[in-house]
Amino acid sequence: DTSHPDLYLLGGVSPALEATLVERFTLYREDPPATTRAIVGGGSSVVDAALLDRLPALEIIAIHGVGYDGIDLAATKARGIAVTTTPDVLTDDVADLAIGLMLAVQRRIVANDRSVRGGGWQVDLARRASGRRIGIFGLGRIGRAIAKRAAPFASELHYTARSAKPDFAGVFHADIASLAAACDVLIIAAPGGDATSHIVDAGVLAALGEDGILVNIARGSLVDEPALVAALMDGTIAGAGLDVFADEPAVPDALKVMDQVVLSPHQGSATVDGRAAMAALVIANLDAHFAGRDLLTPL
Ligand code: 8YV
């Protein structure tokens with residue numbers, strides 16, 4: 001049925017988007033046939049060489065998200081397969097969550113909520129959130145949106161990016177260990193993938209220090225998770241706000257009993273508004289592709 005091209009849905013999308021896809025495509029949720037022309041998946045969906053080899057007719061991968069760390073880009077490029085993402089429409093939501101996690105950890109909002117629900121009224125003194133040195137690892141769209149929001153809380157803004165950004169009012173650090181040493185709050189906002197795998201290791205956590213807080217809204221792959229658990233357990237760092245994990249949806253049990261940690265189910269872009277805009281952009285890219293028009297947001 002050429003009017004309903006075969007589409008392989010890898011999951012990670014809203015029911016509303018799935019319903020729209022069902023109207024326009026012949027949808028496969030597993031065992032995609034060789035005639036599959038499109039893939040839709042989330043930002044951490046895996047499209048590796050083995051899958052690509054099974055899909056000789058594949059033309060486009062439309063990602064519902066901004067991450068593409070699970071996609072074999074060398075292979076898609078070699079075969080001329082288009083890849084689209086949903087930039088911009090989720091930037092504010094992800095940045096908002098980063099600030100929310102930072103405040104929640106420092107002011108013990110979630111631990112105290114648990115206490116009140118349990119009938120408690122005791123206040124363990126929290127950390128002041130304002131006037132902190134805030135470091136951002138990764139200064140793309142999301143990193144910059146976080147910086148904008150973090151600025152009123154920050155005595156100093158520091159950042160690490162591939163290169164110094166002359167237009168950005170913050171202190172540049174060429175590497176993350178130097179960034180961690182210079183700040184009280186380290187916010188991770190860089191892409192996943194080989195280049196950043198486990199870049200937050202035991203050394204970086206030691207550099208962040210006993211008053212330091214880690215916030216990660218990027219990918220769990222950037223953090224050496226066992227090293228993070230150890231650093232939280234022995235007080236090497238003060239706390240963490242985590243929206244992403246190494247092996248989602250698995251979360252280390254050790255983290256679940258720590259009051260200095262706030263855990264969040266990869267919900268950075270999960271607002272009604274954001275998800276509607278992401279879905280619309282996925283559909284618009286697919287429609288453009290199958291109508292032979294220019295893609296809206298190709299990689
Ligand atoms: C989504 C994400 O939750 O944008 C990304 O890369 O990880 C998130 O926005 C994910 O894509 C699920 O669809």
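**Entry 1, the ligand.** I started at the ligand and found 13 residues around it, with G42, G43, G65, G67 and S269 coming nearest. A reminder to myself: this is a predicted model. Next I sorted the shell by class and got 10 polar residues, 3 nonpolar and no charged ones.

**Entry 2, the domains.** I looked up the domain assignment of the protein chain. Domain 1 is made of two stretches, 6-89 and 272-290, and domain 2 covers 91-263. Their centres, taken over C-alpha atoms, are 30 Å apart. I then checked where the two meet: 6 residues of domain 1 are in contact with 8 residues of domain 2. On the domain 1 side of that contact I noted 3 polar, 2 charged and 1 nonpolar residue.

I traced an open sheet of 5 strands with parallel pairing, and wrote down the order β2-β1-β3-β4-β5. Which strands stand at the edges? They are β2 (26-28) and β5 (82-84); each has a single partner strand, so one side of each has no neighbour in the sheet. From one strand to the next, I get an average twist of 20°.

I picked β4, residues 60-64, and followed its pairing both ways. With β5 it pairs in the parallel sense over 3 bridges, and A62 stands opposite T84 of β5. With β3 it also runs parallel, joined by 5 bridges; here I39 has I61 of β4 as its bridge partner.

How many residues of β4 are buried? I count 5 of the 5, so the strand is largely enclosed by the rest of the structure. In a regular strand the side chains alternate between the two faces of the sheet.

Helix α1 (residues 15-24) lies across β1 (6-9), β2, β3 (38-42) and β4, and runs at about 160° to β1. Helix α11 (residues 272-290) packs on the sheet too, touching β3, β4 and β5, with its direction at about 170° to that of β4.

I zoomed in on β6 (residues 132-137) and β7 (residues 154-160), which pair in the parallel sense over 6 bridges. In that pair, I136 has Y159 of β7 as its bridge partner.

**Entry 7, helix α6.** Is α6 mostly covered or mostly uncovered? Mostly covered: 7 of its 10 residues are buried. I wrote them out as I142, G143, R144, A145, I146, A147 and A150. Last, I asked what covers these buried residues of α6, and the elements include α4 (91-106) along with β6, β7 and β9.

Notes
Residues are numbered from 1 along each chain as its sequence is written. This is a predicted model: local features need pLDDT of at least 70, side-chain atom pairs count only at pLDDT 80 or more; totals for chains, interfaces and linings use all residues. A residue is near a molecule or strand if its C-beta atom, placed from the backbone, lies within 6 Å of it. Ala, Val, Leu, Ile, Met, Phe, Trp, Tyr, Cys and Pro count as nonpolar, Asp, Glu, Lys and Arg as charged, and the others, Gly among them, as polar. Domain bounds come from an automatic or database domain assignment. Two residues are in contact if their C-beta atoms, placed from the backbone, lie within 7 Å. Two strands pair if DSSP finds at least two bridges between them. Helices (H or I, at least four residues) and strands (E, at least two) are DSSP runs, numbered from the N terminus. Axes are lines fitted to C-alpha atoms, for helices over the stretch in contact, and angles run from 0 to 180 degrees between N-to-C directions. A residue is buried if 20 or more other C-beta atoms lie within 10 Å of its own, exposed if 12 or fewer, and partly exposed in between; C-beta atoms are placed from the backbone.
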